[in-house]
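Thanks for coming. Please have the structure open.

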Amino acid sequence: MTDTEFPDRLFQREDETSDTLFYREPRFVAHIDDVTISALTGYYREFLPGGCRILDLMSSWISHLPDVEYPRVAGLGMNERELAANPRLTDFVVHDLNADPRLPYEDETFDRAVIAVSMQYLVRPVEVFGDLRRVLVPDGRIAIAMSHRCFPTKAILAFRALGPADRVRLVSAFLHQAGFSNIGFEDRSPPKGDPLWVVAGTNRSNVA
């Protein structure tokens with residue numbers, strides 16, 4: 001399962017040097033403001049039931065999770081110091097999904113997966129989402145939250161060139177191509193704050 005259905009130029013970046021170099025130093029920043037963080041936490045309160053095992057993909061120093069106890073919150077990110085500073089993670093691994101889209105987890109390990117305002121950095125999204133289906137339980141779900149800020153030199157062309165509606169359609173297409181179903185979109189933008197768009201999908205039971 002690959003991204004060949006989509007034009008290569010969609011995934012081009014201004015800075016094509018190793019992501020390991022770019023993320024070598026920690027960046028303790030947020031891509032959304034406080035009111036939008038609160039809106040995302042509110043969405044997660046609905047999306048992440050208590051007792052579920054969560055994979056925080058492209059994680060950093062903050063996960064925006066509600067004040068709910070979860071048995072496992074595994075973080076996968078690019079900077080060890082950022083991940084170590086995240087109090088919600090029960091465990092973490094440093095892993096470059098652009099270099100290797102296969103996730104370092106056993107089959108059917110997680111009930112939910114989240115990506116918070118980092119989708120714009122993936123250059124092999126269909127491959128990543130295809131393998132995500134392997135590590136999610138059947139009928140497990142993913143939620144991808146997007147906004148408008150980013151590190152522009154590392155964002156793929158699609159997110160720099162397309163408007164919000166087309167970005168949502170593109171991410172939905174990535175999930176569909178990877179085999180997710182029940183794909184839906186919600187605009188959770190607060191009245192006064194950064195925009196917040198969430199695309200969610202469900203892992204089909206018949207994982208290939």
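Which strands each supply at least two residues of the lining of the largest cavity? Before I answer, note that this is a predicted model. The answer is strand 1, residues 53-59, and strand 2, residues 72-77. Strand 1 gives the most to that lining, with 4 residues.

Now the cavity itself. The count of cavities of 30 Å³ or more comes to 1. The space inside the largest cavity is about 520 Å³. Its lining is made up of 33 residues, and those nearest the centre are Met58, Ser59, Ser60, Ser118 and Tyr121. By type, the lining has 16 nonpolar, 9 polar and 8 charged residues.

Next, the packed parts. The largest nonpolar core holds 37 residues, and the members that touch the most others are Leu55, Met119, Phe129 and Leu132. Several elements supply at least two residues each to this core, including strand 1 and strand 2, along with strand 4 (110-116), helix 4 (125-135) and strand 5 (136-146). Helix 6, residues 164-178, is also one of them, and the largest share, 6 residues, comes from helix 6.

Setting aside neighbours within four places in sequence, Met119 is in contact with Pro125, Phe129, Ile144, Met146, Phe159, Val171 and Phe174.

Methods
Residues are numbered from 1 along each chain as its sequence is written. This is a predicted model: local features need pLDDT of at least 70, side-chain atom pairs count only at pLDDT 80 or more; totals for chains, interfaces and linings use all residues. Side-chain values use heavy atoms; hydrogens and water are left out. On a 1 Å grid over the protein atoms alone, a cavity is a set of points where a 1.4 Å probe fits but cannot get out, and a pocket is an open set with protein on both sides within 12 Å along at least five of seven lines; lining residues have an atom within 4 Å of a point. Grid points are joined across faces, edges and corners, and a volume is the space filled by probe spheres set on the points. Ala, Val, Leu, Ile, Met, Phe, Trp, Tyr, Cys and Pro count as nonpolar, Asp, Glu, Lys and Arg as charged, and the others, Gly among them, as polar. A nonpolar core is a set of buried Ala, Val, Leu, Ile, Met, Phe, Trp, Tyr and Cys residues joined through side-chain atoms within 4.5 Å. Buried means under 20% relative accessible area, exposed over 50%, partly exposed in between (1.4 Å probe, protein chains only). Contact means heavy atoms within 4.5 Å.
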